[in-house]
Amino acid sequence: MTMESEHPQDDAAAASDKLILSLHGLKKHFPIKEGALQRVVGQVRAVDGVSFDIRSGETVGLVGESGCGKTTLGRCVSGLTDPSDGAVYFNITEGDRDRVDALRDIPDEQRSEQEREELAALDEAHCINQLNEQARRHYRRNCQVVFQDAFASLNPRHLVNDIVGRPLQVYGEASGSELTTRTVQLLEQVGLGSQHLYRYPHQFSGGQRQRISIARALALNPELIILDEPTSALDVSVQAQILNLLHELQRERNLAYLFITHDLSVVRHMADRIVVMYLGKVVEAGRTQDIFERPQHPYTKALLAASPDLSDDTDTEIPTLEGTVPDPAHPPQGCRFHTRCPVATPACGWDVDDVVRGLENQENLFDGLSAVNRVSPFEAQLTFDNEASARALADTLHSNAISASMREALEEAVVRDRTINIRFNPAEEVELTERAPGHIAACVLDPAAR
Amino acid sequence: MMSEGAEKNPSKSPAPVVASVADLQVHFQSKRGIVHAVDGVSFDIHDGETLGLVGETGCGKSVTARSFLRLVPKPPGIDAGGSILFRPRTTCDACEGRGCESCHQTGRVSAGCSACSGKGCSECVQSGEETLDLMQVSNSRMRSLRGDRIAMIFQDPGKALNPALTIGSQIAEVFYQHRSAEVLDAANVDVSGIDPGSLLLKRQAAQQSRTIERTLLKIPPLRSRRNQITAAVDDMVADALAETQIANPRKIMQRYPHELSGGMRQRVMIAQALACNPDLLIADEPTTALDVTVQARILELIHELQQRRQTAVLYISHDLSLVRRICDRVAVMYAGRIVEISDADQIFQDPRHPYTRGLLAALPSATQSRGKLAAIEGTVPELVDPTPSCRFSGRCPNEVETCARFDPHLQSVGDEHSVACFIYHEPPEGSGGRPTLAARSS
Ligand SMILES: Nc1ncnc2c1ncn2[C@@H]1O[C@H](COP(=O)(O)OP(=O)(O)OP(=O)(O)O)[C@@H](O)[C@H]1O
Ligand SMILES: Nc1ncnc2c1ncn2[C@@H]1O[C@H](COP(=O)(O)OP(=O)(O)O)[C@@H](O)[C@H]1O
Ligand code: SF4
Ligand code: SF4
Ligand SMILES: [Mg+2]
Ligand SMILES: [Mg+2]
Ligand SMILES: [Zn+2]
Ligand SMILES: [Zn+2]
């Protein structure tokens, strides 16, 4: 992976050399605990190595199906939770960012003393996970979050006056009558007024509550706001008001937005660049127009096809994507999308788990299974109660019950007694490659390469 | 794999009306007065069609939908008038359900009116067909219609599932109740010599689900096949769940509703609704909480059901792009009233009512420049003891003085296209003038 492809350039925003945010291989894994002793039996890999940048004044859209890690990523970026690995850099120049990338790509033990010091200095200055208390407070002010469910995020027992004024109070920005004046100013910015100061959240409509959340986020004059599905609960009419408001505020204050949504028409309208996530990983990123007009990744294409749009031809069918997002605790090998990809090839990472994933709905096939010996993700021995069961599985693996590309990837399915040895061609994770300037995708099918 | 999708029903022949809502009025008692949540709504639904019902939050869509099954809580709800006439279907005798000319290839026909044996009388509104006013039928009749002739998928799946039963047994119940013949067929049970009446057990009031299974299995020739039958039903339940693309259907069957996510519960409910073969399916924002990929699959399932049974669908949504894609006709609702109703293509190409125009203009698009979306300012008013007026006055860019003093009524503006707005029909005499489209500010 080249530096360029890891951090796509955007001509339009390239003018500003300051990056508000730069994610470097960000990971967040949640332990799965079981039993009375709460033993850790696995990890949910909610975010699993994500890198991208946000420039000041820019809107980056983050899209993907539910459960693919968007909210978790937003929480890591806002400092609400610490990443398991990787880092979030704030207010860093592109030059320094390149330096960080280079230094972090050197394995820990191979870094020289000098390199170690250089990285430590950069981390101390910009990495939000290693800032001292004062710098961390500074970051928290500069990066605010607006959630989907404004009702849940606004304290029902607090008056609007307290909700919007609180950040100013906590950071000692204002008090007394100045606090009230500033609070009213904030409310006015979002289309509310002093008449709303002494009301409770439940006395407002959904759209008004979202305005209150935005006013609160604006209080400390942040440079970046993370918007997690800010209009998903709203009507189109009110959504239009909020989207207009967000745009206006962005222009006035040169705000950067990380706009998380699953509504592609909203993100198309709002975002300068789009990052598409699937199962904790970035599968495609690029300028909004490029993503919509020349999507490179089959997953992006499927998402676009499934989203209804006013310009659709109504006589055509809405294409569907088979299957569900696999369990992020056991992501598929190779390309994580291969279990659902309509154009998957034999090189996409077929693994032993796919045998079970693909055939679990077939009756009785695994009934007599008595032992599994997993050699690698790509090789395992399955032992059954009787030879017939092992043969039945072997026959199925050579039949149309599994896809042609999976069959082609199957190197071996040999039965000895009651045991079948299954071995697939091993495959590496599919890396992001550059498809056009500033447009990257992770798929083995690269039209340019053919 | 890309597969068959949910395209629209292309036939435009006037299929028979399965349900007819006339001047429906549902109000709510509140501290501030009477809220006119639904205030004179009328529309028909035909066999096999998808009618979209759109409008902003609080405009009365769900109350209208719930009225079909009498699920509006009373009090505070008040039946303030109107009717919902429903014509249940039975299997066509001529072709035994295979489809023939006399039944328009649907395999189903309307049941004859028992009061006049088909001649036409006041009870069947002179149609000669069995006609039930859903606002009037007995509670027991309503219970037998629910989930059998009329199925509903709710906006909030949480309340619709029984928290005390596993997912598997809730869906199994549907198969035992409504598709017993298929169950026996799948279990390879020879049904000759068994009284069909005893096979088609219907739920008795307040009976618990598992008892149905028990009763069914008590019939002597079936008892010995118990395992075969339960296995067959389990298979059918697993298939029904798998169709909604839920992962690990067999594991899900053993879980309880509270153990599932909202999206999963929604799919369970859809599996349940599709498992029976209703004449009318009411879908109240069934996919709003789901991903577009899952949404596409659910729409396809609904479409398949429609093909199979000529089921009529009332599809409630606030997603206009979606409604345009899947509906044959669209009704736009605002503050308790239908303000425009028409063929779907027509309404999207040539919206007439200022509210419909406003909704369409508010949709974000790539061509619209940022910050320039045409928002409709304000929100749907909650109408407490409203005086005669256009409900959209106060937010309407075309409004004139007349609009706040008189009620516009739905009137035809063309082929099957009706609009309630003084721009399109003459206000009553003595009013202060007539609005025009030109007055639109933007
Ligand atoms: N149980 C109730 N008691 C009092 N008022 C009610 C009740 N149920 C609904 N209403 C009122 O009736 C009106 C219509 O509500 P309804 O739920 O039908 O809206 P809707 O169009 O389905 O909106 P949404 O898009 O949010 O689902 C609203 O003003 C609502 O507050
Ligand atoms: N606190 C947590 N503990 C365990 N798993 C979690 C936690 N938070 C999120 N997850 C899991 O991480 C994955 C990504 O979740 P999330 O970031 O909420 O997705 P999205 O916002 O894209 O819908 C999901 O599988 C989710 O169940
Ligand atoms: S690498 Fe490309 S072709 Fe292969 S499964 Fe992934 S998306 Fe599909
Ligand atoms: S012009 Fe008048 S009647 Fe027509 S929608 Fe506007 S307010 Fe109502
Ligand atoms: Mg989320
Ligand atoms: Mg509703
Ligand atoms: Zn017939
Ligand atoms: Zn009659």
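In this predicted model, the contact between the two chains draws on 54 residues from chain B and 49 residues from chain A. Putting the two chains together buries about 4500 Å², with carbon and sulfur atoms giving 54% of that area. On the polar side, 15 residue pairs are in polar contact between chain B and chain A, counting pairs with both residues at pLDDT 80 or more. B:Arg370 pairs up with A:Asp272 in a salt bridge, and the closest N and O atoms sit 3.0 Å apart.

Next, the nonpolar packing. The largest nonpolar core runs to 159 residues. Those with the most contacts inside this core come from both chains: A:Leu393, A:Leu397 and A:Ile420, plus B:Phe43 and B:Phe68. Leaving aside residues up to four places away in sequence, B:Phe43 touches B:Ala19, B:Ser20, B:Val21, B:Leu51, B:Thr64, B:Phe68, B:Leu314, B:Ile338 and B:Ile341. There is also a second, separate core of 39 residues, which includes A:Val164, A:Leu168, A:Val184 and A:Leu246.

Then there is the metal site. The zinc ion (ligand 8) is held by four SG atoms, those of B:Cys113, B:Cys116, B:Cys121 and B:Cys124, at 2.2 to 2.4 Å. Along the chain, these donors follow the spacing C-x2-C-x4-C-x2-C. The angles subtended by the four donor atoms around the zinc ion (ligand 8) span 100 to 114 degrees, so the arrangement is tetrahedral; the cut-off for that label is that all angles lie between 85 and 135 degrees. Of the coordinating residues, B:Cys116 and B:Cys121 are both buried.

Note on methods: Residues numbered from 1 in each chain as written. Chains lettered and ligands numbered in written order. Predicted model: local features only at pLDDT ≥ 70, side-chain atom pairs only at ≥ 80, totals over all residues. Heavy atoms only, no water. Core = buried A, V, L, I, M, F, W, Y, C linked by side-chain atoms within 4.5 Å. Buried < 20%, exposed > 50% of the residue type's maximum accessible area, 1.4 Å probe, protein only. Contact = heavy atoms within 4.5 Å. Donors = N, O, S within 2.8 Å, 3.2 Å for Na, K, Ca; no water. Tetrahedral: all angles 85-135°; square planar, octahedral: opposite > 155°, others 65-115°. Buried area = accessible area lost by both parts, 1.4 Å probe. Salt bridge = Lys/Arg side-chain N within 4 Å of Asp/Glu carboxyl O. Polar contact = N/O pair within 3.5 Å; in protein donor to acceptor, adjacent residues only side chain to side chain.
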